[in-house]
Amino acid sequence: MDLPYRTILFDLDGTLADTAPDLYAAQALLSRERGREPLPFEAVRNHVSHGSSALVKLAFPEAQGEAFEHLRERFLEIYAQNLFLDTVLFPGMETLLAWIESQGLNWGVVTNKPAFLTDPLMESLGLAQRAACIVSGDTVDERKPHPLPMWHACELAGSRPVECLYVGDAERDIQAGRAAGMATLIALYGYIDETQRPDEWGASGMIREPREILDWMLGTHEPLPVVGHR
């Protein structure tokens, strides 16, 4: 079968795995420790892809400077201790990964999550040994939206950028993939809030569930309209 890509790369939070429940639980516990009522899950979920700073700022909008850093460090400590309670792969993702492997292709992860969280999470998901590459936010000297992590992933996976498809749920994912010379897909099932306009990010396409990545690979997808189609 003549397939258009050799390597499929995924963002982690909100694309490969649904990590929002455990990240929300860490934020909620931090709020309770500080005597605050936790925000509702619905108000937090779509901010998860923006990282620990965004989640702390959401719960403690007035915090600044040293006080903010103390809160962020405590948040990361709580999350690291409860990394894999309710986190799961998104529905259909395991089937997709198995199909990629069955075709002699490979896949990997490029995330801004620091390695001390990424590595044990990938181990807990049973994916660490299957991934051709795992590039965390501190693996190289730059983070997304810079293309350097993407290029490093290509080297580890043994593919050229033009042979890679990158799937993510944040604008910086698409910016990084495009800057690296890769095709990109937006995971609309991920953590995208109502203020964002993914149709304006300039991705190659958008998908509503992981299964549609397979449709995209096989050329049987029903395209969703995007602006700046690559």
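Hi everyone, let's start inside the protein: Trp-107 has a relative accessibility of 0%, so Trp-107 counts as buried (buried means under 20% relative accessible area, exposed over 50%, partly exposed in between, with a 1.4 Å probe and protein chains only). Phe-10 is buried too, also at 0%.

Before going on, a word on sources: this is a predicted model, where local features need pLDDT of at least 70, side-chain atom pairs count only at pLDDT 80 or more, and totals for chains, interfaces and linings use all residues. Residues are numbered from 1 along each chain as its sequence is written, and side-chain values use heavy atoms, leaving out hydrogens and water.

Now, the aromatic pairs. Rings of Phe, Tyr and Trp (its six-membered ring) pair if their centres lie within 6.5 Å; planes under 30 degrees apart are stacked, over 60 edge-to-face, and the rest tilted. That rule gives five aromatic pairs. One of them is Phe-10 with Trp-107, edge-to-face, at 6.4 Å centre to centre and 70° between the planes. Phe-10 sits in strand β1 and Trp-107 in strand β4, 97 residues apart (strands are DSSP runs of E, at least two residues, and helices runs of H or I, at least four, numbered from the N terminus).

Phe-90 and Tyr-191 form a tilted pair, with 55° between the planes. Both residues are buried, and together with Tyr-189 they make one aromatic cluster.

Stepping back, how many helices and strands does the protein have? There are nine helices and eight strands. And buried residues make up 51% of the 230 residues.
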